Amino acid sequence: MKFKNKLLQGTLIKRYKRFFIDIKYQNKRIIAHCPNSGSMMGLLKEGNQVWFSKTDDPKRKLKYTLQIVSINKSLVGTNTHLTNKIVLEALKNKKIEDLNKFNNIKNKVKFSDNTRFDFLITNKKEKCYLEVKNVTLVRKKGIAEFPDSITSRGTKHLIELINAKKKGYKAYILYLIQRDDCKNFKIASDIDKIYKNSFDMALKSGVKMLCYDCKLNNEEIIINNQIYYDKRL
């Protein structure tokens, strides 16, 4: 997924009110939109290098949007609004081996009165619901974790994937790590025990889990390598 324009580079000052972030850019302090509802744990140290986009849309209150943070010489994609775009591109280009048999792709499909899944992917024989989660958290070198804060919405999606499986659909959850410095993936049970319990229940119910990392720079973000879940971690 290519950015519309090459990103601008600045220095992180602080995040506040959840969706606002101050950036030092060309010796000026600017305010940018922070499109990430999670805690962004481990990414918000003052002085970190950041990359952000600029829009010319006159309807936008904030012209700038945070896209990437540099931490320990690794780049981390922080815009959760891009997650589905990255996965959609990968699905179309057959970059996700387990899902290559599905040829038809629909976005944001209603499953129940309270739930929409990110994708419904189908072929002539099977229908599959796919939910995608963005991952940025690393607390121990080489190990990506999800979630970085309590996520009741994430738990609801796991329960609904179980329900989809019971109704005869294929069901997958894909964790997209927007960084390339991880070798393994785990669920952060100490952050959200309920989510971990629901995750374990989903796997036992036949919901399939996939995890991929990303290659990213100031021009594009693309799916890279498959990362494996290690329940021993």
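Predicted model: local features only at pLDDT ≥ 70, side-chain atom pairs only at ≥ 80, totals over all residues.

Modeller: Residues are numbered from 1 along each chain as its sequence is written, and side-chain values use heavy atoms, with hydrogens and water left out.

Colleague: Why is Thr151 called buried?

Modeller: Buried means under 20% relative accessible area, exposed over 50%, and partly exposed in between, with a 1.4 Å probe and protein chains only. The relative accessible area of Thr151 is 16%, so Thr151 counts as buried. This residue lies in the loop between E11 and H2. Helices (H or I, at least four residues) and strands (E, at least two) are DSSP runs, numbered from the N terminus.

Colleague: Which residues is Thr151 in contact with, leaving aside its neighbours within four places in sequence?

Modeller: Contact means heavy atoms within 4.5 Å. On that basis Thr151 is in contact with Phe146, Asp192 and Tyr195, leaving aside neighbours within four places in sequence. Phe146 is also joined to Pro147 by a cis peptide bond, with omega at about 0°, and Pro147 lies in the loop between E11 and H2.

Colleague: What makes Gln26 and Asn27 count as exposed?

Modeller: Gln26 has 61% relative accessibility and therefore counts as exposed. Asn27 is exposed with a relative accessible area of 72%. Gln26 is found in the loop between strand E2 (20-25) and strand E3 (28-33), and Asn27 is found in the loop between E2 and E3. Phi of Gln26 is near 50°, a positive value in a residue other than glycine; Asn27, not a glycine either, has a positive phi of about 65°.

Colleague: How do you know that helix H1 is mostly covered?

Modeller: Seven of the ten residues of H1 (residues 83-92) are buried. They are Thr83, Asn84, Ile86, Val87, Leu88, Ala90 and Leu91. The buried residues of H1 pack against strands E7 (104-112), E8 (115-122), E9 (127-135), E12 (170-177), E14 (208-216) and E15 (221-226). Just after H1, Lys94 takes a positive phi of about 55°.

Colleague: How does the reach of H2 stand against the expected value?

Modeller: The expected span of a helix is 1.5 Å times one less than its number of residues. H2 (residues 152-166) has 15 residues and reaches 21 Å from its first C-alpha to its last, close to the expected 21 Å. Among its buried residues are His157, Leu161 and Ala164. The buried residues of H2 pack against E7, E8, E9, E12 and helix H3 (193-204). Just after H2, Gly168 takes a positive phi of about 100°.

Colleague: Why are H2 and H3 called roughly parallel?

Modeller: Axes are lines fitted to C-alpha atoms, for helices over the stretch in contact, and angles run from 0 to 180 degrees between N-to-C directions. Angles under 35 degrees count as roughly parallel, over 145 as roughly antiparallel, 65 to 115 as roughly perpendicular and the rest as oblique. The axes of H2 and H3 come within 9 Å and cross at roughly 15°. H2 and H3 are therefore roughly parallel to each other. Gly154, Thr155, Leu158, Ile159 and Ile162 in H2 meet Ile194, Tyr195, Ser198, Phe199, Met201 and Ala202 in H3.

Colleague: What makes E7 and E15 edge strands?

Modeller: Two strands pair if DSSP finds at least two bridges between them. Six strands form an open sheet in the order E7-E8-E9-E12-E14-E15, with mixed pairing. E7 and E15 each have a single partner strand, so one side of each is left without a neighbour in the sheet. Neighbouring strands of this sheet are turned by 40° against each other on average, direction ignored.

Colleague: How do you know that E14 and E15 pair?

Modeller: Four bridges join them in the antiparallel sense, and the definition asks for at least two. Leu216 stands opposite Ile221 in E15.
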